[in-house]
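Hi everyone, thanks for making time for this. I'd like to walk you through a few spots in a structure, so please have a look at it first.

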Amino acid sequence: MLGSDLQHALAGREVTALTRAELDITDARAVSAAVAGHDVVFNTAAYTDVDGAEAHEADAFAINVTGVENVARAAATQGAKLVTISTDYVFDGAAAGPYPEDSPRDPINAYGRSKAAGEERALAAHPGGTYIVRTAWLYGAAGANFAATMLRLAASNPTVSVVDDQLGQPTWTADLAAQLIALVDADAPAGIYHGTNSGQTSWFGFARAVFEEAGLDPERVLPTDGASFARPAARPSYSVLGHGAWTRAGLAPMRPWRDALHAAAASGALAAR
Ligand SMILES: NC(=O)c1ccc[n+]([C@@H]2O[C@H](COP(=O)([O-])OP(=O)(O)OC[C@H]3O[C@@H](n4cnc5c(N)ncnc54)[C@H](OP(=O)(O)O)[C@@H]3O)[C@@H](O)[C@H]2O)c1
């Protein structure tokens, strides 16, 4: 989902964009051959099945740790900058205010453990040239996501119950793609950045806004609590990420999530899936 929008955002530049079938990041030799000759590497590949990772943690580690380390080593050898994507799940979600970029990692679930370990490996393999960009609650034109699910459910259900006791930052993949490019173009200091749209809401608030943007009655979205939606992997109750690193690097943080959702709807990026 993100890789596809990033590819669009890079139109007009010299880019090699590879699918999983074209490059498996767990294959170190193939990664090194693919990275050769490039100045910047964006890694948007990941094991992203959050619930699946609970029972298949080794599979998640193979991609999110070993795979990411392969890309970081290859970028270091090549002298290329690396931008690799991480997650709010590297935290436990129990904070009372936005997580600064330097908050200690304390992953909430197996997927979060794999992403946290991947961050550490990438920073160790290529300390001077790695950007870790943590994101969360992504939606976009390409791929399954919460907004698309809400619109699908709206088509066949009079009401939809959505969790109101988990807070985070809905983030449009097109906005994140533009921010990743701005980071590299600005030659910002290497390190950790939080790539989420600004502000905060609950899944319930996000769902109501999706309904509004689609011209549907937001009153059809009803609040419920996370305990009613037990899933294999624990979910954070508070997942709001602080944006101080952008300002310190002289860059603007990403716009408010509600503005981004409106722009996404206007561009046709919201569709039932
Ligand atoms: N979506 C979210 O809400 C969210 C939240 C926080 C962080 N993130 C992070 O943001 C990044 C982008 O997420 P996304 O939502 O765009 O994910 P996505 O749509 O699931 O895309 C991940 C891509 O990685 C590919 N992939 C998996 N294993 C691979 C391997 N070994 N080698 C090469 N490619 C491989 C997948 O290919 P196949 O489909 O063929 O398996 C898929 O195309 C990821 O790092 C993710 O962890 C996402």
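Let me begin with one definition: a crossing of two helices is left-handed if the near helix is turned anticlockwise from the far one by less than a right angle, and right-handed if clockwise. Please also keep in mind that what you see is a predicted model.

With that in hand, let's go to helices H4 and H5. H4 covers residues 57-78 and H5 covers residues 110-125. Their axes sit 8 Å apart, and the packing angle is about 15°. Angles under 35 degrees count as roughly parallel, so H4 is roughly parallel to H5. And the handedness of that crossing, left or right? For H4 and H5, the crossing is right-handed.

Who meets whom here? On the H4 side, the residues in contact include Phe61, Val65 and Val68, along with Glu57, Glu69 and Arg73. On the H5 side, they include Tyr111, Arg113, Lys115 and Arg121, plus alanines such as Ala117 and Ala122. Sorted by class, this H4 and H5 contact has 11 nonpolar, three polar and six charged residues.

H1 is residues 2-9, and H7 is residues 173-185. The axes are 8 Å apart, with a packing angle of about 55°. That angle makes H1 oblique to H7. The crossing of H1 and H7 is right-handed. From H1, the contact takes in Leu2, Asp5, Leu6 and Ala9. Across from them in H7 are Thr173, Ala174, Leu176, Ala177, Leu180 and Ile181. By class, the contact of H1 with H7 has eight nonpolar residues, one polar and one charged.

You'll find Gln169 in the loop between strand E6, residues 167-168, and strand E7, residues 171-172. Is Gln169 buried or exposed? Buried means under 20% relative accessible area, and Gln169 has 1%, so this residue counts as buried. What does the side chain of Gln169 reach at 3.3 Å? It reaches the backbone oxygen of Gly199. Leaving aside neighbours within four places in sequence, Gln169 is in contact with several residues, among them Ala136, Trp137, Asn197, Gly199, Ser239 and His243.

Trp137 lies in the loop between strand E3, residues 130-135, and strand E4, residues 138-139. Its phi is near 50°, which is a positive value in a residue other than glycine. Trp137 also counts as buried, at 9% relative accessibility.

There is another positive phi to show you, at Asp187. Asp187 is not a glycine either, and its phi is about 55°. You'll see Asp187 in the loop between H7 and strand E8, residues 191-194. Where Trp137 is buried, Asp187 counts as exposed, with 55% relative accessibility.

Last stop: Ala264, in helix H10, residues 257-266. Its relative accessible area is 0%, so Ala264 is buried. How far apart are Ala264 and Gly140, in sequence and in space? They are 124 residues apart in sequence, and 7.6 Å apart in space, C-alpha to C-alpha. Not counting residues up to four places away in sequence, Ala264 touches Tyr139, Trp172, Ala269 and Leu270.

Notes: Residues are numbered from 1 along each chain as its sequence is written. This is a predicted model: local features need pLDDT of at least 70, side-chain atom pairs count only at pLDDT 80 or more; totals for chains, interfaces and linings use all residues. Side-chain values use heavy atoms; hydrogens and water are left out. Helices (H or I, at least four residues) and strands (E, at least two) are DSSP runs, numbered from the N terminus. Buried means under 20% relative accessible area, exposed over 50%, partly exposed in between (1.4 Å probe, protein chains only). A polar contact is a pair of N or O atoms within 3.5 Å; within protein, one must be able to donate a hydrogen and the other to accept it, and residues adjacent in sequence count only if both atoms are side-chain atoms. Contact means heavy atoms within 4.5 Å. Axes are lines fitted to C-alpha atoms, for helices over the stretch in contact, and angles run from 0 to 180 degrees between N-to-C directions. Angles under 35 degrees count as roughly parallel, over 145 as roughly antiparallel, 65 to 115 as roughly perpendicular and the rest as oblique. Ala, Val, Leu, Ile, Met, Phe, Trp, Tyr, Cys and Pro count as nonpolar, Asp, Glu, Lys and Arg as charged, and the others, Gly among them, as polar.
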